[in-house]
Amino acid sequence: MSKNGAMMDYWFGQKNNWRRWAWNQASSLLTDKHAGVSLYLPSATDLDRKIALSKGFVDHNLIGVERNRSALQESRANGGLVIHGDFWDAVHCVARSSVAVSFVFGDFCSGLPHEDEYICAMNAASLPGTEKAIFCFNFMRGRDPSGNNVRNVFSKYAGKHRGQLFLYGLLSVFLLGMHRNLINCGATNEALGEFAGRWFKVLMPLYPAFDGSLLKARFNSYQSTTGQIFDSCCFANPFGVIESATGISLSQCRSANLINQRREFRLPAKTLNSTRAVLAHRTMRLNWKTADKEQSRNSRA
Ligand SMILES: C[S@@+](CC[C@H](N)C(=O)[O-])C[C@H]1O[C@@H](n2cnc3c(N)ncnc32)[C@H](O)[C@@H]1O
């Protein structure tokens, strides 16, 4: 097999344990795991699917995303529903459809990303379709100059842990975005001060000890067979806790235009089309399942 990330062999003890950990987190943090789809990166072998099914996720709600064509074809040949395109584009496309998203699982295995990626993640989290979603990400430690800025600011809290660094970077984009939107909306200084004060007072001190708090964040790390360290984080959508942290409801924020739901750039037509096709396929599987259930109920009667 080629050493390309899309075609690598991800079947080894530490990774297998970690994969189970990730799906366990989703399973325990989601209030209703059947309410929406899980979007994940299956690569060619789709080792996630079997684990997800064993944790009670249903087949038609498991939707992979893959940008590498060979891995995409292999994963589809194994029976998976897989969108062809970039992960964040696909999350946006699904979140804007009528289908809710339960789990956003980016097992990237690459280094800490550039700040742009945090903005994509926060934009995706701000869409109504992902409001109740759980997020989980996995990054490789080292060889990631793209993450220098975030590392410089947050390493005093998070050390080298890429999962923790990513979450802190993301929260900062979130807090600053909310603050900036208030300014753009012409909020009074008083309102601005109160809002920012509440957020910063509640959230900032929690940065170093986020476990078990508002976002129910959990962290993990494992080592590959070559000794490379991977760090991950799993947490609830920050937009989902606005009300409990500030007393301002999400719908109030949306109607006051405090949440920027417009993406700065257009979603690629190819990803939109691929998403539509995969969602149509999902509906077909769902209908077959419902018809099967009805048939077995009738034959028992
Ligand atoms: C580390 S592998 C996933 C392994 C799998 N989750 C497992 O546990 O076996 C990451 C896969 O995602 C693909 N990928 C990485 N970044 C992506 C992105 N931004 N959009 C779409 N696919 C991506 C890679 O081509 C690769 O196949």
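The protein has 11 helices and 7 strands, where helices (H or I, at least four residues) and strands (E, at least two) are DSSP runs numbered from the N terminus. The model is predicted: local features need pLDDT of at least 70, side-chain atom pairs count only at pLDDT 80 or more, and totals for chains, interfaces and linings use all residues. Residues are numbered from 1 along each chain as its sequence is written.

Of the 301 residues in the protein, 38% are buried; a residue is buried if 20 or more other C-beta atoms, placed from the backbone, lie within 10 Å of its own, exposed if 12 or fewer, and partly exposed in between. Among contacts with a separation of 6 or more, 74% join residues 24 or more positions apart, a contact being two C-beta atoms, placed from the backbone, within 7 Å.

The shell around the ligand holds 20 residues, of which Ala6, Tyr10, Leu41, Ser43 and Cys109 come nearest; a residue counts if its C-beta atom, placed from the backbone, lies within 6 Å of the molecule. Two or more residues each come from helix 2 (47–54), strand 2 (62–66) and strand 4 (101–110). Strand 4 gives the largest share, 3 residues.

Helix 2 buries Asp48, Arg49 and Ala52. These cover an arc of only 100° around the axis, which puts them on the same side of helix 2; the arc is that of the directions from the helix axis to the C-beta atoms. Helix 1 (13–29), strand 1 (37–40) and strand 2 are among what covers them. The face turned away from the buried side carries the exposed Lys50 and Ser54. Just after helix 2, glycine 56 takes a positive phi of about 95°.
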